[in-house]
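Please look over the chain shown here.

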Amino acid sequence: MPFALSEMSYMSDAPLDRVRVLLGVSGGIAAYKAAELVRRLRDAGAEVRVAMTANATHFVGVATFQALSGNPVRTSLWDESAEAAMGHIELARWADEVLIAPASADLLARIAHGHADDLLSTLVLATTAPVSVAPAMNQQMWANPATQANIAQLRERQVRVFGPAVGNQACGETGAGRLPEAQELVAALVAARGPRPLDGLRVLVSAGPTFEDIDPVRFIGNRSSGKMGFAVAAAAVQAGASVRLISGPVALPTPAAVQRIDVRSARQMRDAVIAAAGSHDIFISAAAVGDYRPRAVATSKLKKSGKPLALELVQNPDILAEVAALPEHPFLVGFAAETDDLERYARDKLERKGLDMIAANRVGEALGFECGENALLLLWPGGREELAMADKNVLAKSLIERVAARHAAVHAKTSKA
Ligand code: C5P
C-alpha cells in the first residue's frame, strides 16, 4: 500500500473551529442560559473554558459548566489548585475570545472602570483577546444612565456588545434587558470575528523529506524535519481551509483537523499529489523532494565488497512542475531552499516552474531545515516581501495570509477576464 489515510477527520466547517473561548458568567437569572451557550459554542467547534463570578454560582452550579465545557471551571482568584493547573494570567492568554454572558450591570460597571477585584474582572483586564459582552438585567437597570455610560465607554474601547434582547423579563417587566438566545450569541460572535481568509477553500500541502530506498535497510534522505509544511497546514486550517497534507517520513503529530496522507518516496508523493491536485484550490509544495533515486532497489542488503561501490541514480519527477503542467491546476506556491544568491535563483524558479508564489529561504549553518525558526523571502510575479526571522508557526501564519491575498487577487483577475 503506497500510502495510508490518517484517522484524523477531514476539516469540518465549524465556524469557531478550535477557537478558544473564555466564557465569563456573571450573576443573574439568565446565567442558566449560559449552560446552553457552552453547548452551542462547542457545536460550533470552539474550545470553551468557563470563569464564573461568585454571584453566578448562586444561579448555576459549577458542575454544570464543568460537564458541558469538558474543562475545569474557575470561580476565584484564590483557588490554589486551580491556579497551579492554569494560572489566571495564563488563562487570560489562552483565550482567543472572551465572551461574558450574561454580563450583569455590576460586572459591566466594574470592567468599564478597570476593576480587578475578582477573577473575571481580572481576566478581562489581563487578556489581549477581543472582549464581547451580552448584557442581561432588569430593563430599568439597563436604561439607567449609569449603565448606559458604562456601555458607551466599553464600546469606545472596542468591547463588542451583543444585545440585550427586548421582551418579557424574569422579573415580570417587559423591555430591553433579556439575554439573546445561545444560537444568536454564537452567530454574533462568528459575525464579529469576520470571514477568515481561506474560508471555503481546499488547500493541499506537501511536507517533509522523501526517502529513496537503496536496499531493505538503507535509503537516501535529506534533513527536512517537515516542521514548516506542518505549520503551514495548521495555519491554513486556522484560516478556514480544508487541508490535506501529504507528508514524507517525519516525527511530527498531525495538526488538528488536517487530513494526512503518509508517503515515503518521491514517486509515492507524486502519485498522492497528482491524485489530489484537481480537487484543491491551492497547492503549497513545502516538501524537500529528493531529486534522485537509485535506479534499482536491491532486494537484499548490499554487502561490503572491499571495493568502491557506485550507485546509479536516476532523476525523480518534479512534482510541482507536473502539477503546473496540468490544464486546470491549483494556485501554486513553491519553496526554494538556497545557500546563496537566494533572490535570483528563487525568481528564476518562480518563472521556470510557472508558480504563483515562491517562499525562498536561506539554508546552511543553523538555518532552514532542522531548526524551529526561519526567515522567508516571498516572491510573486511583479512583487516581493521579506518575512523576518521568526518561529515557524508564526511565519506559517504570515505566509498563509499572503497566499490568501495573492490567491484572491489572481482569482479576482481571472473571474473578471
Ligand atoms: O528545483 P527545486 O528542488 O529547488 O524546487 C523546490 C520546489 O519544488 C519546492 O517547492 C519543492 O517542494 C518542489 N519540488 C518538487 N519535486 C521535486 C523537486 C522539488 O515538487 N522533484
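Contact here means heavy atoms within 4.5 Å.

## Basis of the model

This is a predicted model, in which local features need pLDDT of at least 70 and side-chain atom pairs count only at pLDDT 80 or more, while totals for chains, interfaces and linings use all residues. Residues are numbered from 1 along each chain as its sequence is written, and side-chain values use heavy atoms, with hydrogens and water left out.

## Leu350

Leu350 lies in helix α13, residues 342–352 (helices are DSSP runs of H or I with at least four residues, strands are runs of E with at least two, and both are numbered from the N terminus). Leu350 counts as buried because its relative accessibility is 3% (buried is under 20% relative accessible area, exposed over 50%, partly exposed in between, with a 1.4 Å probe and protein chains only).

Leaving aside residues up to four places away in sequence, Leu350 touches Leu355, Asp356, Met357, Ile358, Leu379, Trp380 and Pro381. Phe335 is 15 residues from Leu350 along the chain, and their C-alpha atoms are separated by 9.3 Å.

## Thr147

Thr147 belongs to helix α8, which spans residues 145–156. With 7% relative accessibility, Thr147 is also buried. Beyond four places in sequence, its contacts are Ala105, Met137, Met141 and Trp142.

## Domains

The chain is assigned domain 1 (5–193) and domain 2 (202–416); such bounds come from an automatic or database domain assignment. The C-alpha centres of domain 1 and domain 2 are 42 Å apart.

## Leu313

Leu313 is in strand β16, residues 313–315. Its relative accessible area is 38%, so Leu313 is partly exposed.
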